[in-house]
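Have the model open beside you.

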Amino acid sequence: MTRIPLLISCSLMLLACTRQNPQPALTHATAPALAPAAEINSLANTLQDRWQLQGEGIRWQVRDAHQDQLEFSGEQVSAIITYGADSSGQLLLQRKVVWPGLRTIPNDTHASLIHSFELKVSPQIEQAGSVLQDERPELIEYDGLLRIQSRLGADLQLTRTLAPSPTGAFIIEQYRLTNLSNKPQTLQIQPLQYQQRTDAAKGVAGSYLIKAQSDFAGELTLAPGTSKSWQLSFSAAPADVDNDISPETAAMTLVQRQQYVRGLQQKLQLETPDPVLNQMFAFAKLRAAESIFRTKGGLLHGPGGGRYYAAIWANDQAEYVNPFFPFLGDANGNESARNSFGHFARFINAEFKPLPSSIIAEGLDIWNGAGDRGDCAMVAYGASRFALASGDPAQARSLLPLINWCLAYNRRQLTTDGVIASDSDELENRFPAGKVNLSTNVLAFGALQSSALLYQALGDTGQAKLFQQEAAILRVAMLRYFAATVEGYDTWRYYDGNSKLRAWIALPLVMGFDEQKTGTLAALLSPQLWSENGIYTESGAKTFWDRATLYAFRGIFNAGETDTAMKYLKYYSRKRLLGEHVPFAVEAWPEGDQRHLSAESGLYARVITEGLFGIEPTGFDRFRVAPRLPSGWNSMCLRQIRAFASNFDLCVQREAAGAAYQIELSVSGKPARQFSWDGESELELTL
């Protein structure tokens with residue numbers, strides 16, 4: 001898909017001229033102006049940060065009452081940790097632990113065993129016969145592990161470090177007690193022995209035994225300036241299975257978590273002059289990759305959020321996160337993607353009944369409560385992109401039956417207008433979508449494009465040409481059906497009869513549609529859609545979903561409006577990383593109260609790989625690239641890219657000799673190659 005830079009001014013006045021009914025002057029926070037270089041940081045600089053960058057993480061110096069939560073995960077466990085300080089300065093802490101493999105009855109989408117361990121489920125620390133209860137957090141840090149440093153009384157410091165086991169069904173909370181005084185302190189540490197047995201009639205495997213235990217108790221004397229560490233564990237297992245966590249296992253868990261996080265940091269490294277973007281990208285990689293669970297149906301990526309585990313969706317997994325995993329090169333991520341496509345392929349049928357929207361309960365059941373959401377368009381798009389980026393012809397051929405069936409299904413849904421009908425969209429009737437919606441059609445178009453490239457890579461030029469022709473016909477039909485003036489903007493209607501701007505008008509920009517581009521850009525960043533939390537789902541509503549905002553950023557980059565995209569991406573990234581609810585992309589509000597669902601972090605990562613760097617797979621060893629350097633940046637790099645069965649670095653530098661830009665491609669084990677680039681048209685590179 002060719003990107004052509006917009007030939008429009010950066011001023012508010014000219015952008016306003018794209019409207020039929022100009023509005024009064026806009027405020028700074030909502031202006032849709034294309035950002036000049038001096039304004040790229042202006043929107044982000046309106047924010048007040050609660051957190052600060054620190055090393056490879058973030059820190060909050062606790063000075064006031066505030067409460068937040070984050071989620072982290074391992075192969076058999078996930079935990080949502082609520083933390084903070086109350087109005088009197090006392091610690092707030094709750095560990096909500098989820099075991100996706102321990103199923104409850106009914107064994108549906110939400111049937112993971114869940115238990116909340118409140119702060120009181122902590123070992124008592126006593127001194128001179130009194131329980132030390134005055135625990136006041138002073139510093140909270142997150143770098144893949146969550147650390148809460150508190151003052152316990154006047155002269156003791158207690159640091160709690162929490163992390164999930166990468167492979168086990170438990171989380172660890174390490175205690176580190178430090179004597180801050182100039183004299184020895186003697187303490188009594190009470191054992192933590194908490195357990196609860198669940199009702200056997202409510203568990204697929206019968207009764208489960210939930211435990212919290214500590215691996216140290218007794219009298220402790222700390223010399224001045226010295227510390228003592230021990231671990232708490234929070235676990236669950238079938239009641240007839242021993243789930244005691246040994247001290248050695250508990251102590252090693254934090255090391256294993258650190259190694260896991262460090263391993264992800266070493267892959268797909270973003271290097272830009274902006275440390276906020278670099279760190280937000282690093283955390284996006286972590287959240288996208290960690291939320292993969294070992295189930296009866298194999299490794300399955302799950303959204304999380306306390307509700308969505310041991311299950312896959314056509315949007316979250318197939319469309320959002322699976323195309324990212326080849327770039328990261330995480331073995332579990334790639335395996336989970338293959339497994340998800342394999343599960344969807346089980347439902348190919350001769351009658352062309354729709355695919356299930358979700359395969360749940362470790363692959364044993366399905367959910368299809370919103371009918372056909374355009375799921376075949378989602379799956380075909382994600383599977384074809386994944387197949388190309390993986391760089392494995394044999395794997396690609398194994399995905400062809402699923403891709404072909406999905407494309408054939410879409411073909412059968414064509415209306416007399418030449419567009420594709422579906423019962424709903426990924427919002428599952430939360431907002432109206434009519435009988436034919438823009439999202440389903442744009443994804444189907446993208447699927448045809450990527451599938452054509454896939455067949456070209458496999459040497460079947462005939463089939464590739466047929467898909468290209470089909471995509472071209474669909475494009476014409478989409479323009480005829482969806483192009484419209486909505487609320488005064490020359491953009492896209494979401495469905496027949498739609499009279500309000502919708503967030504998904506960004507999707508055509510992502511797929512390379514030049515038509516309606518100027519009006520769509522103005523609409524996306526108008527007061528009707530842009531808010532302090534990103535793009536509203538619909539004009540006039542206060543609901544926002546990060547997935548739509550992240551697609552919008554990709555679309556704006558894809559339109560060639562780099563400085564505008566960067567202005568809003570910087571704002572969003574700083575808000576999500578250093579603001580009041582950190583440190584990941586979120587699902588939605590008010591629904592779910594901004595849960596840290598993991599596939600949204602995959603979408604954030606794709607804003608960088610596909611938006612900022614403009615990487616589009618075109619074959620098993622090649623890709624189109626259009627890296628857009630924002631004003632004021634001289635260079636940027638993505639290093640250790642693992643896509644296309646390779647390992648390579650991609651850098652772009654401004655003002656190379658004889659050209660506007662120089663792109664450098666460095667493939668592991670080979671001499672680096674340099675390419676002159678005009679900064680506009682796409683460049684195809686072969687590894």
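## Ground rules

Axes here are lines fitted to C-alpha atoms, for helices over the stretch in contact, with angles running from 0 to 180 degrees between N-to-C directions. Helices are DSSP runs (H or I, at least four residues), numbered from the N terminus.

This is a predicted model, where local features need pLDDT of at least 70, side-chain atom pairs count only at pLDDT 80 or more, and totals for chains, interfaces and linings use all residues. Residues are numbered from 1 along each chain as its sequence is written, and side-chain values use heavy atoms, with hydrogens and water left out.

## The α9/α10 pair

Helix α9 (residues 438-457) and helix α10 (residues 461-482) have axes that come within 8 Å and cross at roughly 160°. That makes α9 roughly antiparallel to α10 (the term covers angles over 145 degrees).

Contact means heavy atoms within 4.5 Å. Residues making it include L438, F445 and Y455 of α9 and F467, L474 and F482 of α10. The contact residues split into 13 nonpolar, seven polar and two charged (Ala, Val, Leu, Ile, Met, Phe, Trp, Tyr, Cys and Pro count as nonpolar, Asp, Glu, Lys and Arg as charged, and the others, Gly among them, as polar).

## The α14/α15 pair

The axes of α14 (residues 562-578) and α15 (residues 598-612) come within 13 Å, crossing at roughly 160°, so these two are roughly antiparallel as well. M566, L569, Y572 and S573 of α14 meet Y604, V607, I608 and L612 of α15. That contact has seven nonpolar residues, one polar and no charged.

## D375

D375 sits in helix α7 (residues 375-390). It's buried, at 1% relative accessible area (buried means under 20%, with a 1.4 Å probe and protein chains only). Setting aside neighbours within four places in sequence, D375 contacts A314, L355 and S357.

Notes: Angles under 35 degrees count as roughly parallel, over 145 as roughly antiparallel, 65 to 115 as roughly perpendicular and the rest as oblique. Buried means under 20% relative accessible area, exposed over 50%, partly exposed in between (1.4 Å probe, protein chains only).
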